[in-house]
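Please look over the sequence and the model before reading on.

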Amino acid sequence: AVAITGMAGRFPGAADIDAFWQLLREGRDSLRRFSKEELIAKGVPAEVWSHADFVSAGYVCDDIDMFDAAFFGITPSEASIMDPQHRVFMEVAWTAVENAGYAPRSGLMPDTGVFAACGIDGYLIHHLEGGALKTPLDPGSLFATEVGNEKDYIATRVAYAMNLTGPAMTINSACSSGLVAVAQASQSILSG
């Protein structure tokens with residue numbers, strides 16, 4: 001078996017691998033501090049941002065709201081309920097395949113696998129307030145909400161969207177999920 005890999009990523013303060021490497025080389029931290037005005041504009045209640053224990057800082061990836069749903073054959077309504085982790089992962093996976101020298105969906109990548117890790121579906125809980133999971137009499141919306149937010153669907157969704165025929169595994173091992181996904185992908189390559 002021949003393994004050809006492409007690398008891509010999007011990080012807080014770095015839109016791609018090259019920018020991330022530059023951050024590391026310069027020893028810069030991409031922590032972003034939020035002003036009181038920003039917090040108010042985002043709807044953070046005064047009792048939260050004024051609390052002594054509240055830390056008004058975080059690591060933020062830019063342009064997560066710029067997902068091109070039509071490019072991936074996803075309707076705007078489906079994209080609006082997709083967890084941003086899923087949307088960004090689809091974009092980054094596409095870039096990784098291109099960086100490996102292939103045209104995604106070309107059929108030129110036999111047995112290409114997807115090994116992924118994803119955090120909990122906080123978007124569904126905090127931004128969509130449970131969404132269609134609260135309306136069990138609409139199974140279509142219920143399923144679209146689940147597929148767009150549940151971490152277990154991230155690898156298979158990308159494999160399907162990109163017509164990849166190798167293994168598609170979502171790895172979940174608490175804080176080590178990403179590392180275990182890389183180890184599983186490496187083992188898969190070694191075993192052919």
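The sections below pass from the whole chain to a helix contact, a nonpolar core and some individual residues.

## Basis of the model

The model is predicted; local features need pLDDT of at least 70, side-chain atom pairs count only at pLDDT 80 or more, and totals for chains, interfaces and linings use all residues. Residues are numbered from 1 along each chain as its sequence is written, and side-chain values use heavy atoms, with hydrogens and water left out.

## Overall architecture

The protein chain contains 9 helices and 4 strands. Helices (H or I, at least four residues) and strands (E, at least two) are DSSP runs, numbered from the N terminus. In sequence order, these elements follow the pattern α-β-α-α-β-α-α-β-α-α-α-β-α. The C-alpha trace spans about 60 × 55 × 30 Å along its principal axes.

Of the 192 residues in the protein chain, 28% count as buried. Buried means under 20% relative accessible area, exposed means over 50%, and partly exposed lies in between (1.4 Å probe, protein chains only). Contact means heavy atoms within 4.5 Å. Among contacts between residues at least 6 apart in sequence, 61% join residues at least 24 apart.

## The contact of helix 5 with helix 8

Two packed helices are described by the angle between their axes and the distance between the axes. The axes of helix 5 (residues 84-99) and helix 8 (residues 154-161) come within 10 Å and cross at roughly 45°. Axes are lines fitted to C-alpha atoms, for helices over the stretch in contact, and angles run from 0 to 180 degrees between N-to-C directions. Helix 5 and helix 8 are therefore oblique to each other; angles under 35 degrees count as roughly parallel, over 145 as roughly antiparallel, 65 to 115 as roughly perpendicular and the rest as oblique.

On the helix 5 side, Gln-85, His-86, Phe-89, Met-90 and Ala-93 take part, and they meet Ile-154, Arg-157, Val-158 and Ala-161 of helix 8. By type, the residues of this contact are 6 nonpolar, 2 polar and 1 charged. Here Ala, Val, Leu, Ile, Met, Phe, Trp, Tyr, Cys and Pro count as nonpolar, Asp, Glu, Lys and Arg as charged, and the others, Gly among them, as polar.

## The largest nonpolar core

A nonpolar core is a set of buried Ala, Val, Leu, Ile, Met, Phe, Trp, Tyr and Cys residues joined through side-chain atoms within 4.5 Å. The largest one holds 21 residues, of which Phe-67, Ile-74, Met-90 and Met-162 touch the most other members. Helix 5, strand 3 (114-116) and helix 8 each supply at least two residues of this core. Helix 8 gives the largest share, 5 residues.

Apart from neighbours within four places in sequence, Met-90 is in contact with Phe-67, Phe-72, Ile-74, Met-82, Arg-157, Val-158 and Ala-161.

## Buried and exposed positions

In helix 7 (residues 139-149), Thr-145, Val-147, Gly-148 and Asn-149 are buried. The elements that cover the buried residues of helix 7 include helix 4, helix 5, helix 6 (122-127) and helix 8.

Asp-63 lies in the loop between strand 2 (57-58) and helix 4 (76-81). Its phi is near 60°, a positive value in a residue other than glycine, and Asp-63 counts as exposed at 52% relative accessibility. Ala-174, in the loop between strand 4 (168-170) and helix 9 (177-190), has a positive phi of about 60° although it is not a glycine. At 64% relative accessibility, Ala-174 counts as exposed.
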